[in-house]
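Welcome! Take a look at the sequence and the 3D view below, and then we will walk through some features together.

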Amino acid sequence: MKKNRNCESGWWVVLLTATLAAPVLGEASAGLFNAKLKQVITSSTLKWNNLKKEAMETYVIGAESPQGPIYLCRARHEGDMLLGQLRPEYTSCAVSGSKSYDVFEVLQNIENASLITWKPWLRFSPKPSGGILVDSSVDSVFIGRAKAESGFSHNIGRIAYDFAIGKLLTFDDKNNEITETQGEILIEVEPVSYKIEDVELDLTTEQVRSSDPEIFGERVLSNVESTAATSTAAIEYEFNYSVSWGHGHGIGIGLNTTIEMADGTIYPQIEWANPFTEKRSKFYNLERYLEPGTACNVTFRGNRTERDVQYTGKLTTYYNDHEPRSRQMRGERTEITLEVEAVYGEIYFIGNNSLVPTTTTTTTTTTTTTTTTAAPTEPTESDKNNIPIEIMQPNQPGEIDSNNLVDSNMDKAQPDKEQNIKNAIVGPLGSKPNDANMRIISLTLFIPVFALLL
């Protein structure tokens, strides 16, 4: 049992040793010496990164060789971070003529945003403002180089200050170590201001977060006049407005920045990476068309809204002793504002507070129909025979022959039902139209007979 415990303990030792030996990958911002403050500040554009083939274009070149550029690198040697040369083949960082390391970092100019330059240096020159340090924790060791006699264009090395006097420790292409008293020192030129113009918002990336509505005031709009009119009122409100344009890559924090939109809108000047805030006061106009003697309650409310949206624009960096430099950039804007609205209630009568009924106007179309009555026509002879005596006109000339009537009635065939309906006379309730015809015929025969007897 004791043996197993020792074995397990041995495995833990091996695992811990392997962990400590593994290289730690990451990035670290480069340190700059600020001569005015007499302290180290952090660069926003220069970083020490692990080697990545796809980022070679942004690595800082320290010298040229027939085989290609030599980049600035650093590696830890016996506890100290030493400046080295990343020579063609780019597999190891040489920190001296006899020592190189496979685990190292390369100085990278993010998006090539930083303006860096080699400045002449002498051993009695003071530590320059903007000088790039090999290790941010040590404010006396800088990046330097000296003109090479053969092979490389320059021999890269470190400038180490001992109090006020410095020396340049380097080595050549044949790995011969050299100490120089003059050469060049690498500095980052500090910008003085920025301008971002032609800014366009990418609304497809917008994200909106809103709080619950807050009521900021209530008003009553009324019309006490004798005619209908639009009742108006103005309500004043205040809120805290804030806008931030992000940090961006390669932009110094705290520098004055002017922002101009693509449509010409210019925002107030800000200090970069610090949000612009102000207390705003505005008026909101309320209005409602009201009939005489009516009123309407209005609730004024708002939502505190936060909007995040990405944007693009052209960044111009300004320097004191150098020409401005421009490049395209992309960032994210965060805006905190207040969105307000007026909620109008139902209209009511002022006298009794009852609601005004909602009226619907209906358009009715009236169609007029005109009936034209034709003038009566004179009946034909055949039609007259079918007209009973009672309905003939009293002044109608002509005599009635009883024989003709009898013959005509005898000769007629039995009429069908349709003919009977056409010739029927509508009489009083309970009368028989056909029986009336028979009475008329009998009376006509009886009158001549009675006359002969007399």
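Which cysteine does a disulfide join to Cys73? The partner is Cys93, with an S to S distance of 2.1 Å. Before going on, please note that this is a predicted model, in which local features need pLDDT of at least 70 and side-chain atom pairs count only at pLDDT 80 or more, while totals for chains, interfaces and linings use all residues. Residues are numbered from 1 along each chain as its sequence is written, and side-chain values use heavy atoms, leaving out hydrogens and water.

**The disulfide**

- The structure holds one disulfide (a pair of cysteine sulfur atoms within 2.5 Å).
- This pair links distant parts of the chain, 20 residues apart: Cys73 sits in strand S4 (residues 68-77) and Cys93 in strand S6 (residues 93-94). Strands here are DSSP runs (E, at least two residues), numbered from the N terminus.
- The link of Cys73 and Cys93 is right-handed, with 90° about the S-S bond.
- Cys73 counts as buried, at 0% relative accessibility, and Cys93 is likewise buried at 0% (buried means under 20% relative accessible area, exposed over 50%, partly exposed in between, with a 1.4 Å probe and protein chains only).

**The open sheet**

- Six strands form an open sheet with antiparallel pairing, in the order S9-S14-S10-S11-S12-S13 (two strands pair if DSSP finds at least two bridges between them).
- Strand S9 (116-122) and strand S13 (177-180) stand at the edges with a single partner strand each, so one side of each has no neighbour in the sheet.
- Strand S10 (residues 141-147) and strand S11 (residues 154-162) run antiparallel and are joined by seven bridges. Gly144 has Gly157 in S11 as its bridge partner.

**Aromatic rings**

- The structure holds nine aromatic pairs (rings of Phe, Tyr and Trp, its six-membered ring, with centres within 6.5 Å; planes under 30 degrees apart count as stacked, over 60 as edge-to-face and the rest as tilted).
- Among them, Tyr71 and Tyr90 form a tilted pair, 5.4 Å centre to centre with 55° between the planes. Tyr71 is buried at 7% relative accessibility, and Tyr90 is buried at 15%.
- Trp245 and Tyr311 form an edge-to-face pair, 5.2 Å centre to centre with 85° between the planes. Trp245 lies in the loop between strand S17 (229-244) and strand S18 (256-261) and Tyr311 in strand S21 (residues 294-318), so the pair ties together parts 66 residues apart in sequence.
- One aromatic cluster is formed by Tyr237, Phe239, Tyr284 and Phe300.

Conventions. Helices (H or I, at least four residues) and strands (E, at least two) are DSSP runs, numbered from the N terminus.
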